[in-house]
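This briefing concerns the single chain displayed below.

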Amino acid sequence: MGGEGKVYTLAQVSEHNTSKDCWLVIDGKVYDVTKFMEDHPGGDEVLLSSTGKDATDDFEDVGHSSSARAMMDDFYVGEIDASTIPARTKYTPPKQPQYNPDKTPEFVIKLLQFLVPLLILGLAFGVRFYTKSA
């Protein structure tokens, strides 16, 4: 296409986010995939969901064939200004308070709910055994 060597910002690429005008960023390159929307095996929704961001991971996760990769040259319009792509943040799970089951009232209650019936059962057998043998 006509944009060889042109550099786009992510904001510029993000403006092309409809089925009539769809651009993607893959591996630092910008592709105008509008003409491919109807022919894409995964449907146009897949392409539209990858607009406005770096779609490299989405593209690689699918495992495209070498012929699909070769087709990309037909849709190339330029490069992406990497400084306009937000840095990826690594997911950090929220910190949770330490759980110490030995110090919670619920643990004591559950322990008593288990031990008291066992104690009663043991006493009943003990009394029965003691009274039969005496």
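This is a predicted model: local features need pLDDT of at least 70, side-chain atom pairs count only at pLDDT 80 or more; totals for chains, interfaces and linings use all residues.

Gly28 sits in the loop that joins β3 and β4.

- Once residues up to four places away in sequence are set aside, Gly28 touches Glu79 and Ile80.
- Gly28 and Val46 are separated by 18 residues in sequence, and their C-alpha atoms are 19 Å apart in space.
- The backbone of Asp27 shows a positive phi of about 50°, although Asp27 is not a glycine.
- As background to that angle, most residues other than glycine have a negative phi.

**Ile80 and strand β5**

- Ile80 is part of strand β5, which comprises residues 76-80.
- With a relative accessible area of 9%, Ile80 is buried, because the buried class takes values under 20%.
- Leaving out neighbours within four places in sequence, the contacts of Ile80 are Val7, Tyr8, Thr9, Leu10, Val13, Val25, Gly28, Lys29, Val30 and Ile85.
- Ile80 and Asp27 are 53 residues apart along the chain, whereas their C-alpha atoms are separated by 9.0 Å.

**Salt bridges**

- Two salt bridges are found when the whole structure is searched.
- In general, side chains of opposite charge can pair when their charged atoms come close.
- Lys53 and Asp58 form a salt bridge through their side chains, with an N to O distance of 2.9 Å.
- Lys53 is partly exposed at a relative accessible area of 34%, and Asp58 is likewise partly exposed at 30%.
- Glu60 and Arg69 form a salt bridge with an N to O distance of 3.0 Å.
- Glu60 is partly exposed, with a relative accessible area of 34%, and Arg69 is partly exposed at 32% relative accessibility.

- The chain is divided into domain 1, residues 6-84, and domain 2, residues 100-134.
- The centres of domain 1 and domain 2, taken over C-alpha atoms, are separated by 68 Å.
- An unreviewed UniProt entry lists residues 5-81 as "domain: Cytochrome b5 heme-binding".
- Residues 5-81 are 31% helix and 25% strand, and the end C-alpha atoms of this span are 11 Å apart.

- The annotation "transmembrane region" covers residues 107-130 in the unreviewed UniProt entry.
- In the model, residues 107-130 are 100% helix and 0% strand, and the C-alpha atoms at the ends of the span lie 34 Å apart.
- Phe114 is located in helix α5, which covers residues 105-133.
- Phe114 has 53% relative accessibility and so counts as exposed, given that the exposed class begins over 50%.
- Phe114 contributes to a nonpolar surface patch of about 1,000 Å².

Key. Residues are numbered from 1 along each chain as its sequence is written. Side-chain values use heavy atoms; hydrogens and water are left out. Patches are made of residues with over 30% relative accessible area and no salt bridge: like charges are joined within 9 Å, nonpolar side chains (Val, Leu, Ile, Met, Phe, Trp, Tyr) within 5 Å. Accessible areas come from the Shrake-Rupley method with a 1.4 Å probe; for residues, only the protein chains shown count as cover. A salt bridge is a side-chain nitrogen of Lys or Arg within 4 Å of a carboxyl oxygen of Asp or Glu. Helices (H or I, at least four residues) and strands (E, at least two) are DSSP runs, numbered from the N terminus. Buried means under 20% relative accessible area, exposed over 50%, partly exposed in between (1.4 Å probe, protein chains only). UniProt positions are given in the numbering used here, feature names are shortened, and annotations may be inferred rather than shown by experiment. Domain bounds come from an automatic or database domain assignment. Contact means heavy atoms within 4.5 Å.
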